[in-house]
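Okay, everyone, thanks for coming.

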Amino acid sequence: MDKLESLIAEASYEIEYKYDMPDQLGGLCCGKTIFLNANKPKREQLQDLAEEIGHQETSVGDIINQSYLENRKQELKARRIAYAKLIPLNELVTNYWKATNEYELADLLDITPKFLSDAINYYRDKYGSIIIQGDYLINLANGIQILKA
């Protein structure tokens with residue numbers, strides 16, 4: 001079972017694939033149903049599903065119009081939930097040692113390099129440039145460096 005299938009299995013929402021969604025839209029919540037754009041690659045579907053689960057848990061109302069500050073805040077909150085769900089720090093550490101660069105790391109985590117980069121920026125904003133995770137020191141000052149403490 002891959003990560004997308006696992007996330008679908010653990011979701012307490014109905015998940016439906018739609019082939020007629022606009023290209024720029026990866027997912028959409030409607031009631032207790034999450035619609036995913038079936039035309040997107042699996043990695044993007046995984047990322048979109050994680051974000052839509054975040055919306056189900058935190059968002060209220062129609063937030064499609066991102067010109068409103070409150071809608072942008074709800075979008076950011078759901079995206080942060082997706083980062084934490086798909087790239088917990090312990091998995092970042094575990095997979096870091098298997099990769100030779102950030103593209104390989106993203107591949108091992110089954111996400112896109114852009115999603116990884118955005119998640120790193122989020123973790124840097126949340127925790128600062130240096131994070132202690134168990135026996136490891138994670139340095140996010142310039143990309144990712146992980147050292148055994």
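Let's start with helix α1, residues 3-10, and helix α2, residues 42-58: their axes are 9 Å apart, and the two helices pack at an angle of about 25°. Angles under 35 degrees count as roughly parallel, so that is what we call α1 and α2. As for handedness, the crossing of α1 past α2 is left-handed. Before I go on, keep in mind that this is a predicted model.

Who is touching whom here? From α1 we have K3, L4, E5, L7 and I8, and they meet K42, Q45, L46, L49, A50 and I53 of α2. If you sort the residues of that contact by class, you get seven nonpolar, three charged and one polar.

Now the second pair. Helix α4 covers residues 89-96 and helix α5 covers residues 102-109; they pack at about 120°, and the axes are 10 Å apart. That angle makes α4 oblique to α5. This crossing is right-handed. On the α4 side the contact uses E91, L92, N95 and Y96, and on the α5 side it's L105, L108 and L109. By class, the α4 contact with α5 has five nonpolar residues, one polar and one charged.

While we're on α4, which of its residues are buried? Those are L89, L92, V93 and N95. What do the buried residues of α4 pack against? The list is α5, α6, β4 (130-133), β5 (136-139) and β6 (145-148).

Next, the aromatics. How many aromatic pairs does a search of the whole structure find? Six. Let me pick out one of them, Y123 with Y127: the ring centres are 6.0 Å apart and the planes sit at 20°, so this pair is stacked. The cut-off for stacked, in case you're wondering, is planes under 30 degrees apart. Both tyrosines are in helix α6, residues 113-127, and because they are four residues apart, about one helical turn separates them.

Buried or exposed, then, for Y123? Y123 is buried, at 4% relative accessible area. Y127, on the other hand, has 40% relative accessibility and counts as partly exposed.

Last stop, a couple of loop residues. If you follow the chain out of α5, you come to D110, in the loop between α5 and α6. Most residues other than glycine have a negative phi. D110 isn't a glycine, and yet its phi is positive, about 65°. With 23% relative accessibility, D110 counts as partly exposed.

The other one is D20, which you'll find in the loop between β1 (14-18) and β2 (27-30). D20 counts as exposed, since its relative accessibility is 63%. And how far is D20 from I34? They're 14 residues apart in sequence and, going C-alpha to C-alpha, 14 Å apart in space.

So, to recap the helix pairs: α1 and α2 are roughly parallel, while α4 is oblique to α5. That's my tour, and I'm happy to go back to any part of it.

Key
Residues numbered from 1 in each chain as written. Predicted model: local features only at pLDDT ≥ 70, side-chain atom pairs only at ≥ 80, totals over all residues. Heavy atoms only, no water. Axes fitted to C-alpha atoms, helices over the stretch in contact; angles between N-to-C directions. Parallel < 35°, antiparallel > 145°, perpendicular 65-115°, else oblique. Left-handed = near helix turned anticlockwise from the far one by under 90°. Contact = heavy atoms within 4.5 Å. Nonpolar A, V, L, I, M, F, W, Y, C, P; charged D, E, K, R; others polar. Phe/Tyr/Trp six-rings, centres within 6.5 Å; stacked < 30°, edge-to-face > 60°. Buried < 20%, exposed > 50% of the residue type's maximum accessible area, 1.4 Å probe, protein only.
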